[in-house]
Amino acid sequence: MSPTAKQAAFSTSWPPQKDEIVTFESADGLRTGVVKEVRWGLVWRDFILEDGRVIPEHKVLNHPEPPVWRNAEEVSQAEREACEIRLVSMAEAGLDPRDKEQSFWAELNQYLAYTYLRFKQSQGKPPVTE
Amino acid sequence: MCPSGEKSDKQRLWTSLLEAGLIDIPADDVPDRIKEAKAVVIGRLGELLQLKSNVQERESTAHSLATLKKLETTVSLTSKQRDRE
C-alpha cells in the first residue's frame with residue numbers, strides 16, 4: 001500500500017489503535033499498514049500490522065519525540081528470559097534476522113539494544129539485586 | 001509528564017543507542033552487532049567474577065552471554081545458507 005501525501009500527514013491520538021492505518025518509514029520509502037496490535041518490547045513499542053510486519057514506534061510517522069521507551073531496569077528477569085528463549089527458538093528454526101520488518105529481526109534488534117543499555121549502564125557499578 | 005532531567009537522560013540514552021547503531025540495525029550488520037553485544041556482556045561478567053558477590057546477577061549475565069553465543073552461531077549458519085542459495 002503506497003501512502004498519499006494526505007495520508008502521511010494524517011495524525012490521530014497516540015498510540016494508534018487496532019484497525020487504524022499508520023504510515024511508516026521503510027527501506028523503499030513511506031508505506032502504510034493497518035495496526036493489528038501495539039506491543040511493548042524490551043525497550044520500545046512495536047506496531048504489529050495486519051500483514052505480519054513489525055514496525056518499531058520510532059519508524060511510524062508522527063511518533064512522540066523522543067520516542068517513549070522503557071528503562072532496562074523495568075524489564076523483569078522472567079520477561080528477559082522469555083525473550084531469550086523466543087530468540088533462540090526463532091534462530092534454530094532457521095529464520096533469517098536479515099529479513100527486516102519481520103518478528104525475528106524486530107525482537108533481536110530490541111534485545112541487542114536492551115543488552116547494550118543494561119550492561120553499558122551497569123559497567124563499573126556494584127552488582128544489583130533483581 | 002516526565003521531569004526535564006529524566007527527558008534529557010532518555011534523550012542521551014537514545015543518542016547513545018543511535019551512535020551504537022542499535023536503533024535500526026541494517027540487515028547485513030546483525031552478526032557484527034551480536035558480536036559487539038557479546039563483548040559488552042563479557043566485560044560485565046568479568047567485573048562480576050572479580051567482585052565475587054551477587055550470584056543472581058552473575059548467573060543472569062552468564063545466561064545472556066549463552067543466548068548471544070547461540071544466536072551468533074545459528075545466525076551465522078543461516079546467513080551462509082542463504083548466501084549459497
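Predicted model: local features only at pLDDT ≥ 70, side-chain atom pairs only at ≥ 80, totals over all residues.

Visitor: Which pattern does chain A follow along the sequence?

Guide: Chain A has three helices and four strands. Read in sequence order, these elements give the pattern α-β-β-β-β-α-α. Of the 130 residues in chain A, 33% are buried. As for contacts in chain A between residues at least 6 apart in sequence, 44% join residues at least 24 apart.

Visitor: In what order do the strands of chain A lie in the sheet?

Guide: Strands of a sheet pair through backbone hydrogen bonds, in either a parallel or an antiparallel arrangement. In chain A, four strands form an open sheet with the order β1-β2-β3-β4, and the pairing is antiparallel. The edge strands are β1 (21-26) and β4 (54-56) of chain A, each of which pairs on one side only. From one strand to the next, the twist averages 55°.

Visitor: Over how many bridges do β1(A) and β2(A) pair?

Guide: β1(A) and strand β2 (residues 29-40) of chain A pair over six bridges, in the antiparallel sense. Ser26(A) stands opposite Gly29(A), which belongs to β2(A).

Visitor: Turning to chain B, what span should helix α2 have?

Guide: At 1.5 Å a residue, the 22 residues of helix α2 (residues 30-51) of chain B should span 32 Å; the end C-alpha atoms of this helix are 32 Å apart, which agrees.

Visitor: Which residues of α2(B) are buried, and why do they line one face of the helix?

Guide: An α-helix has 3.6 residues a turn, so residues three or four places apart point the same way. In α2(B), the buried residues are Val30(B), Arg33(B), Ile34(B), Ala37(B), Val40(B), Val41(B), Arg44(B) and Leu48(B). Seen down the axis of α2(B), these buried residues fall within an arc of 125°, so they line one face of the helix. The exposed residues on the other side of α2(B) include Asp32(B), Lys35(B), Ala39(B) and Gln50(B). Lys52(B) follows α2(B) and has a positive phi, near 50°.

Visitor: Is Ala66(B) buried, exposed or partly exposed, and where does this residue lie?

Guide: Ala66(B) is in helix α3 (residues 55-84) of chain B. Because Ala66(B) has 13 C-beta neighbours inside 10 Å, it counts as partly exposed. Ala66(B) and Lys38(B) are separated by 28 residues in sequence, and their C-alpha atoms are 9.1 Å apart in space.

How values were computed. Residues numbered from 1 in each chain as written. Chains lettered and ligands numbered in written order. Helix = DSSP H or I, 4+ residues; strand = E, 2+ residues; numbered from the N terminus. Buried ≥ 20, exposed ≤ 12 C-beta atoms within 10 Å, placed from the backbone. Contact = placed C-beta atoms within 7 Å. Expected span 1.5 Å × (residues − 1). Arc of directions from axis to C-beta. Pairing = 2+ DSSP bridges. Axes fitted to C-alpha atoms, helices over the stretch in contact; angles between N-to-C directions.
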